[in-house]
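User: I'm new to reading protein models. Could you walk me through one, feature by feature?

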Amino acid sequence: MNETRLFVLAALAKRGAMHGHQLRRDARLDRADLWSRVKPGSLYSALHRMEAEGLIRPLRTEQDGALPARTVYEITEEGRRELRALRDEAFSEVDIRPDPVDLALVVSADLDRTLLRGYFEDRLAVLKARVSRFEHHPDRHWPNQTRADDLIVDHARMRLQAEIDWHKKVLTDIDKLEAPQG
């Protein structure tokens, strides 16, 4: 599943023709990094690939003052078919990936418990910081925010909370793990 491709095609289908800078700005305003793996910096290369595949086409070039010229893209019929296929794929797949921390924990018997505890405390602090970004969400709506947007923010926040709960459990049980071999 290519989330960047889905994001670009959906944005062009929903909002109409745009240039890469507008897409990047929308990704930032929509806080796409909180609820997807869409990276604003990857949008330009995605645009070029999708143009080569016939999913989007250049509509015009705009230049505003001394800014560089920008190509405005629109979605093609082939792009609309791809958008439907990607959306169907996203709804059909349940993608909960294994976390490498699980494997690291399994092979941590040789680690000092203080060091292991430190790793998990650091991870827990990062997770709590991410959740705090969501706690301020009601005060920071983005343009044209919908109920669906609220639900995806809730989904991301709830997944992070589950991770926080698991990390707390590991920290509670850390002294019950096999002792380091020495």
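User: Which residues form a nonpolar patch on the surface?

Analyst: Quick background before that. This is a predicted model, where local features need pLDDT of at least 70, side-chain atom pairs count only at pLDDT 80 or more, and totals for chains, interfaces and linings use all residues. Residues are numbered from 1 along each chain as its sequence is written, and side-chain values use heavy atoms, with hydrogens and water left out. Now the patch: a patch is made of residues with over 30% relative accessible area and no salt bridge, joining like charges within 9 Å and nonpolar side chains (Val, Leu, Ile, Met, Phe, Trp, Tyr) within 5 Å. Here the nonpolar one consists of L103, V106 and V107, with about 330 Å² of accessible area together. Areas like this come from the Shrake-Rupley method with a 1.4 Å probe, and for residues only the protein chains shown count as cover.

User: Is V107 buried or exposed?

Analyst: Buried means under 20% relative accessible area, exposed means over 50%, and partly exposed is in between (1.4 Å probe, protein chains only). V107 has 55%, so V107 counts as exposed. You'll find V107 in the loop between α6 (100–106) and α7 (113–135). Those labels come from DSSP runs: helices are H or I with at least four residues, strands are E with at least two, and both are numbered from the N terminus.

User: What is the order of the strands in the sheet?

Analyst: Strands of a sheet pair through backbone hydrogen bonds, either parallel or antiparallel. To count as a pair, two strands need at least two DSSP bridges between them. In this model, an open sheet of 3 strands runs β1-β3-β2, with antiparallel pairing. β1 (18–19) and β2 (56–62) stand at the edges with a single partner strand each, so one side of each has no neighbour in the sheet. Between β2 and β3 (residues 70–75) there are 6 bridges.

User: Which residues are buried in α5?

Analyst: G79, L83 and L86 are. Looking down the axis of α5, the buried residues fall within an arc of 70°, so they line one face of the helix; the arc is that of the directions from the helix axis to the C-beta atoms. On the other side, E77, F91 and S92 are exposed.

User: How far apart are the end C-alpha atoms of helix α5?

Analyst: They are 23 Å apart.

User: How many salt bridges does the structure hold?

Analyst: A salt bridge is a side-chain nitrogen of Lys or Arg within 4 Å of a carboxyl oxygen of Asp or Glu. The structure holds 13. One of them joins R80 to E77, with the closest N and O atoms 3.7 Å apart.

User: Where do R80 and E77 sit?

Analyst: An α-helix has 3.6 residues a turn, so residues three or four places apart point the same way. R80 and E77 are 3 residues apart in helix α5, so about one helical turn separates them. R80 is partly exposed, at 31% relative accessibility.

User: Which residue forms a salt bridge with K169?

Analyst: D173 does, with the closest N and O atoms 3.2 Å apart. Both lie in helix α8, 4 residues apart, about one turn of the helix. Elsewhere, salt bridges that share partners join R5, E53 and E82 into one network.

Definitions and conventions:
Expected span 1.5 Å × (residues − 1).
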